[in-house]
Amino acid sequence: VGLAEIEIFGPCSHVFEGTCRGDRRTWDSGLGGCSTYAAGEVNEHNCNDESGGFSAYEVCPQCGNCTEFRTVAKPLDVGAVGGGVNCESDIAGTAYVMYTENLFASTRFSDIPATNAERMLCVRYVAEGEFSVAGWQYHSSEGDWTADWTGNWTAFSPDRSVDTLVAEVDISSGRIASLAGTHREHRGIRMGYVGGDLRFQTTAAKLAFQVSGNYIQPHPERPWGDVNLVEAHGFAMMSSTHGELLAELCIDKDNR
């Protein structure tokens with residue numbers, strides 16, 4: 001089991017022994033918030049102070065009497081990596097490797113080579129021009145890949161609930177850079193992820209990349225249906241390799 005020290009918060013309607021109650025981010029006794037009850041702070045010895053039906057002992061982990069929890073998004077399987085992804089482009093600039101959870105089943109994508117990775121493809125954003133409408137395009141082809149395969153670029157609409165940009169590709173140099181550790185949105189698509197074992201390797205074709213790895217850990221902002229509660233005050237209750245849930249916790253999503 002992997003261990004990680006992570007800040008955790010979020011009340012639960014059926015709390016476990018030692019779990020903080022209320023919301024430490026907004027709780028205030030009138031003499032100060034939870035941060036003022038930490039060791040060395042003005043309210044260090046006043047953890048009996050109450051507000052909203054809870055004492056500082058019950059709400060604030062700074063008092064040393066309870067532990068806080070938070071949700072962590074479920075790790076996502078990379079799926080079958082196949083022949084990787086191809087980003088060959090007729091225009092210079094930047095392309096991205098995008099993870100999507102239903103590539104071959106999705107009606108958004110067609111003409112994806114059978115050799116393509118199961119859940120990743122190359123995408124780019126194009127500005128409006130004489131022969132193009134501004135928007136996202138994905139790389140597709142009706143044939144098998146070869147070293148000089150250029151394929152086609154086809155418009156698609158991003159789906160923020162399942163699409164994540166996981167790598168950035170410089171078309172001119174052929175260099176690819178992981179977006180692990182990045183956390184923002186780029187033109188309607190989530191960019192970056194927490195971490196994982198996803199790797200990319202260049203091939204004989206300049207802009208074709210082999211994919212390896214088993215999972216990525218997305219940022220904890222996915223829909224509630226994809227959330228596992230796994231971490232508590234420095235102890236990750238999940239496998240460090242694939243997110244196996246080792247302890248079932250509860251949370252009240254309406255009070256998160």
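A disulfide is a pair of cysteine sulfur atoms within 2.5 Å. The structure on display is a predicted model, in which local features need pLDDT of at least 70, side-chain atom pairs count only at pLDDT 80 or more, and totals for chains, interfaces and linings use all residues. Residues are numbered from 1 along each chain as its sequence is written, and side-chain values use heavy atoms, with hydrogens and water left out.

**First stop: the disulfides**

The count comes to 4 disulfides. Select cysteine 34 and cysteine 60, which are joined with an S to S distance of 2.0 Å. The link is left-handed, with -75° about the S-S bond. Both cysteine 34 and cysteine 60 are buried, where buried means under 20% relative accessible area, exposed over 50%, and partly exposed in between (1.4 Å probe, protein chains only).

Next, select cysteine 20 and cysteine 66, another disulfide with S to S 2.0 Å. The torsion about this S-S bond is about 85°, so the disulfide is right-handed.

**Second stop: the largest nonpolar core**

A nonpolar core is a set of buried Ala, Val, Leu, Ile, Met, Phe, Trp, Tyr and Cys residues joined through side-chain atoms within 4.5 Å. Select Val97, Met120, Val166, Val169, Leu198, Phe200 and Ile216: of the 22 residues in the largest core, these touch the most other members. A second, separate core of 14 residues includes Tyr96, Trp136, Leu165 and Leu179.

Which residues does leucine 198 touch, not counting residues up to four places away in sequence? Among them are Val78, Met120, Val166 and Tyr193; contact means heavy atoms within 4.5 Å.
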